[in-house]
Amino acid sequence: MLPGQEPPELLKKHLFFQGRRFSFEVNNLRLPNQSEGQWECIRHPGGSLAVPVTPDGKLVLVRQYRFAVSGRLLEFPAGTVESHENPAETIKREIEEETGYRAHSWKSLGKFPLAPGYSDEYIYAFLAQDLEKLEAPPKQDDDEDIEVVLMTPKELEQAILEGEPVDAKSISSFFMARPFLNE
């Protein structure tokens, strides 16, 4: 259990959907304050994300089509933690698949809940440095529609402030990495 966690008492569990990446539950619970009710939750194994930095200080991002928002978002490379992987293994695989880069230096930036109002998913954020462009990157997943984008930290910050569509996990991780980035 993580510090600060106070699990509710499970009164009745209803599993509505079990997919390959997540499940959806609607459960009757008693909260720590003794309030009882029904709450929905998406159960997710977690995700790993890299803030990749080239030797000349540029950030490696992807512009990826996301069907749920019917458009393309600017994001750092990320992926779902598979059952046989730890978060560090996941992101080492994902950065190569999504960007065509391999990092030789890694630093954990920490973890954070992504959408705690309805999901138990945590994002594990890493700083990826000492990048090497791969001659033959691994094949991307068939369902991925990705464009690699290089930006300076200042350019990314400006894009965020001007309202370019950037996902929340990338904004959060960018600010976690900020102390380690040079202009």
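The stops below each say what to select and what is there.

**Before you click**

This is a predicted model, in which local features need pLDDT of at least 70 and side-chain atom pairs count only at pLDDT 80 or more, while totals for chains, interfaces and linings use all residues. Residues are numbered from 1 along each chain as its sequence is written, and side-chain values use heavy atoms, with hydrogens and water left out.

**Stop 1: the whole chain**

Start with everything selected. The protein chain has three helices and 10 strands; these are DSSP runs numbered from the N terminus, with helices being H or I of at least four residues and strands E of at least two. Followed from the N terminus, the order is β-β-β-β-β-β-β-α-β-β-β-α-α. The C-alpha trace spans about 55 × 35 × 30 Å along its principal axes. Of the 183 residues, 40% count as buried, where buried means under 20% relative accessible area, exposed over 50% and partly exposed in between (1.4 Å probe, protein chains only). 

**Stop 2: helix H1**

Now select residues 87-99. Helix H1 has 13 residues and reaches 18 Å from its first C-alpha to its last, close to the 18 Å expected at 1.5 Å a residue (the expected span is 1.5 Å times one less than the number of residues). Buried residues of H1 include Pro87, Thr90, Ile91, Glu94 and Ile95. Show what covers the buried residues of H1, and you will find among the elements S4 (47-52), S5 (59-66) and S8 (101-113).

Just after H1, Gly100 takes a positive phi of about 80°.

**Stop 3: the largest pocket**

Which residues lie closest to the centre of the largest pocket? Select His44, Arg66, Phe67, Thr80 and Lys169, the closest of the 36 lining residues. The volume of this largest pocket is about 1300 Å³. A pocket here is an open set of points on a 1 Å grid over the protein atoms alone, where a 1.4 Å probe fits, with protein on both sides within 12 Å along at least five of seven lines; lining residues have an atom within 4 Å of a point. H1 returns at this stop, giving four residues, the largest share of the lining. By class, the lining has 13 nonpolar, seven polar and 16 charged residues.

**Stop 4: His44**

Stay on His44 and zoom in. His44 sits in the loop between S3 and S4. Is His44 buried or exposed? His44 counts as buried because its relative accessibility is 17%. A polar atom of the His44 side chain lies 2.9 Å from the backbone nitrogen of Gly46. Leaving aside neighbours within four places in sequence, His44 is in contact (heavy atoms within 4.5 Å) with Arg21, Phe22, Thr80, Ser119, Asp120 and Glu121.

**Stop 5: the second largest pocket**

Move on to the second largest pocket, which holds about 750 Å³ of space. Of its 26 lining residues, select Pro8, Cys41, Arg43, Pro116 and Asp120, the closest to the centre. Strand S3 (36-43) is among the elements that give two or more residues to this lining, and S3 gives the most, with four residues. By class, this lining has 15 nonpolar, four polar and seven charged residues.

Note on methods
Grid points are joined across faces, edges and corners, and a volume is the space filled by probe spheres set on the points. Ala, Val, Leu, Ile, Met, Phe, Trp, Tyr, Cys and Pro count as nonpolar, Asp, Glu, Lys and Arg as charged, and the others, Gly among them, as polar. A polar contact is a pair of N or O atoms within 3.5 Å; within protein, one must be able to donate a hydrogen and the other to accept it, and residues adjacent in sequence count only if both atoms are side-chain atoms.
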